[in-house]
Amino acid sequence: MTRITLTVDGAKVSDDVEPRMLLVQYLREKLGRTGTVIGCDTSNCGACTVHLNGRSVKSCNVLAVQADGGEVTTIEGLAATADGELHPVQEAFRECHGLQCGFCTPGMIMQAVDLLNENPSPSEDEIRLGMEGNLCRCTGYHNIVRSVQYASGQREGAR
């Protein structure tokens, strides 16, 4: 067992973990952050995307011990406001119907936040390129792209 200490969604946590435990397993099994979804376990789908030290990572591809000393933000911590207000990207996905079954949505939102942090006004092509590591099996991606455009202020209204 290895002792790790990190900040998850603004709260400092310390735990003993197996050195081979994945960050996604740690978040779900030890901390109950089940919004971080296990999709493929191969880093292909992006459903498990979280922010580690301010950048999006696929948490099925990161060991929990690699996050030691770091700061993790999950979908649950994205809109950590007292009044329960959604993060602007979460609101945009709701407003523009950027989801269907919802399985990929947490990872899509976390990737979109990182994309917009890097490029606040991306073109449609830049959005599609920036989101390409996150797969959705239900949509044609059009409403996901519209959601990111809406969150960036480039699109008025939902429909």
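D114 and R55 form a salt bridge through their side chains, with 3.3 Å from N to O. The model is predicted. Its protein chain is split into domain 1, residues 2-76, and domain 2, residues 88-152.

**Layout and contact**
- Taken over C-alpha atoms, the centres of domain 1 and domain 2 lie 21 Å apart.
- Domain 1 brings 18 residues to the contact, and domain 2 brings 14 residues.

**Buried area**
- The size of an interface is often expressed as the accessible area lost when the parts come together.
- Between domain 1 and domain 2 the buried area is about 1300 Å².
- Carbon and sulfur atoms account for 55% of that area.
- On the side of domain 1, C45, H51 and I75 provide 38% of the area buried against domain 2, more than any other three residues do.

**Polar and charged pairs**
- Two salt bridges are found across the interface of domain 1 and domain 2.
- Eight residue pairs are in polar contact across the interface of domain 1 and domain 2, with both residues of each pair at pLDDT 80 or more.

**The side of domain 1 that touches domain 2**
- Which elements give two or more residues to this side? They are β3, residues 49-52, and β4, residues 55-58.
- By residue class, this side of domain 1 holds six nonpolar, ten polar and two charged residues.

Methods. Residues numbered from 1 in each chain as written. Predicted model: local features only at pLDDT ≥ 70, side-chain atom pairs only at ≥ 80, totals over all residues. Heavy atoms only, no water. Domains from an automatic or database assignment. Contact = heavy atoms within 4.5 Å. Buried area = accessible area lost by both parts, 1.4 Å probe. Salt bridge = Lys/Arg side-chain N within 4 Å of Asp/Glu carboxyl O. Polar contact = N/O pair within 3.5 Å; in protein donor to acceptor, adjacent residues only side chain to side chain. Helix = DSSP H or I, 4+ residues; strand = E, 2+ residues; numbered from the N terminus. Nonpolar A, V, L, I, M, F, W, Y, C, P; charged D, E, K, R; others polar.
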